[in-house]
Amino acid sequence: MGQGYHRCAVTRLQWTVKPARAAALAAFLVLLPGTGPRPGPGPSLAAALRQLYGGSVQPWERWGRRSEVRLPDGREAPREAAYRDDPAFVPAARQLLASRAGDDAPLGAWLLGTLPEARRPEAESALVEALAHPDERAAFEAALALVQVGGPRSRDALQKAAVDAPSPEVRAAAVLALAEIGRRTGTPDSPIPRRASTASPGPGPALAPGFRRGVSWWMSEGRSDAGEASFRRLASLGVTWVSIHTWDPLQRGLDEPVFAKPDRHFGFRDLGALVRSAHAAGLRVMVKPHLEMRGYEPTEEERRVFRGVNGEARRALVARIEAEMARRQPLLHNRISMRSEADWRRWFESYAAYVLPYANDAQAAGADMFCVGREMDTTVVRREADWRALVVRIRAAFHGPLTYSANFDTWQGIGFWDALDFIGVSAYFPLSDSPSPSFAELEAGWDRALAPLEQASRRFGRPVLLTETGFPSIPTAAKAPWREERERADVWLQARCYEATLRAVARRPWIEGAFFWLWERTSSPPFRDPSHAIVGKPASFTMAKWYTGGP
């Protein structure tokens, strides 16, 4: 495989470096709780808040335990609640909004949106003013904060921002805030006049009406309500399809034919309920099982340490596991390959026993599409006849359309597309080596990547789905879209990459859908989160602009 990577836990963490941390944390899905800053009485509250949310963020921190911070008076509080009861909190956030240093201004706007309900009226006027902030990052965070804290007094300013804001992401966030305020107050907002995007140099084609406007959706977004609130939010952003995936680390080794004992902790708890909730919101569902490599398997004593309260012992254990894993070669499921004919037969028996129950469950739940496999291209290239036979069995279980998600750098070796309904690609193509790529460079990258796919679509007589596509919010997003790293976040480059992607697919009618990776929670604040996840980031509103009718 040309691009080495390692997949970690429930999101696309594909690594060419530091696979140890990814593997260790994938095994446990626990993080060390941060102690957070402990400001003394000297620093101003604005400085304390800046310190509280300072520092670089790991991509996987969004899964971690809530950080506790010690306040100057000796109390401990969750970071998301720290200082929110201080009378000086709103003035301190205003001070950050007025700052031109770093990302102080967006931080100030975001902080105002985190106030408890009793204090929200204090924040509203500051956020209304911030909608006209010269820094589009602050204006965007202000519009998004008003989704949470805005009331009737915000409506006029939001109406103006929805039409006149220079940034399409700010306009889209303002529209969302107006809709949410209308829902909360029982006064639906009046229609917003459409305005052409200023993100593009000129007009272009919109997405076709039947284009599958998709996201890859992780189940943590629906643990408490079977996804109802999340699916309604996605529908408001123009999403029409969700790809609901699992994370099943059952493949022990690259040449191991017998899977590990199934652990459905990350499987579907109630697929039927998820599908019903999605359908109620007007969304269709693709079910997409993810067979993953088995990571580090902890001993019972190690599990006890990870679940315990001794942070020092946890840190020491993580360091030891990282050192051990650094000496191992990363296990990449796209390289699964057996050593003998007998082992190949046993592997396909294992995979059939794994995937067919999911196909049956998808059929019973009323899902609308099924993905038969994902990024196991070596097995498909070397054992196409076995895959074709398996597809026949899957069709007997699931009666809707089928696809397979091939990896971006090995899909051209796959030849069984005529047995499926769509050519599916995990489209993490490198687009540009530039640290600040222009739209022209990004579009040229898509032109190079998609030309062979158009030929394949014609050859096999099948439309193409980007079964996964997306970018981490880091400076190397366009160079290595598959890879998350601990880098300074750049959520606006991520949004530009989304814009270029949607321009590219809109011009190609043979591409009939895209599922952006990933709709999952982000760490706080979202504009400092370097992961692929787009909740609360500008990219989600770039997507919404196109999904609701753009460009």
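Which strands does helix H10 lie across? Hold that thought while we walk through the chain. A reminder before we start: this is a predicted model.

First, the overview. The chain has 551 residues, and 58% of them count as buried. Its secondary structure comes to 18 helices and 12 strands. Take the contacts with a separation of 6 or more: 75% of them are between residues 24 or more positions apart. The accessible surface is about 21,700 Å², and carbon and sulfur atoms account for 51% of that.

Now the barrel. 8 strands close into it, in the order S3-S4-S6-S8-S9-S10-S11-S12, with parallel pairing. From one strand to the next, the twist averages 25°.

Let's zoom in on strand S4, residues 241-245. Is S4 enclosed or open? 5 of its 5 residues are buried, so S4 is largely enclosed by the rest of the structure. Look at its two faces. In a regular strand, side chains alternate between the two faces of the sheet. On one side of S4 sit Trp241, Ser243 and His245; on the other, Val242 and Ile244. Every one of these is buried, which leaves both faces covered.

Who are the neighbours of S4? On one hand there is strand S3, residues 212-217, which runs parallel to S4 and is joined to it by 4 bridges. Ser216 is the residue opposite Ser243. To get from S3 to S4, the chain passes through helix H9, residues 228-236. That makes a β-α-β crossover, and it is right-handed.

On the other hand there is strand S6, residues 284-288. It is also parallel to S4, with 5 bridges between them. Here Val242 has Val285 as its bridge partner.

Back to S3 for a moment. S3 pairs with strand S12, residues 511-519, through 6 bridges, and these two run parallel. Trp217 has Trp519 as its bridge partner there.

So, the opening question. Helix H10, residues 271-280, lies across S3, S4 and S6. Its direction is at about 150° to S6.

Last, the cysteines. A disulfide is a covalent bond between the sulfur atoms of two cysteines. How many disulfides are there in this model? The count is 0. Two cysteines to find on screen are Cys371 and Cys497. Cys371 has a relative accessible area of 0%, so it counts as buried. Cys497 is buried too, at 0% relative accessibility.

To recap: a barrel of 8 strands, with S4 largely enclosed and H10 lying across S3, S4 and S6. Thanks, everyone.

Technical notes. Residues numbered from 1 in each chain as written. Predicted model: local features only at pLDDT ≥ 70, side-chain atom pairs only at ≥ 80, totals over all residues. Heavy atoms only, no water. Buried < 20%, exposed > 50% of the residue type's maximum accessible area, 1.4 Å probe, protein only. Contact = heavy atoms within 4.5 Å. Areas by Shrake-Rupley, 256 points an atom, 1.4 Å probe, with all protein chains shown as cover. Disulfide = S-S within 2.5 Å. Pairing = 2+ DSSP bridges. Right-handed = clockwise from strand over helix to strand, strands pointing away. Axes fitted to C-alpha atoms, helices over the stretch in contact; angles between N-to-C directions.
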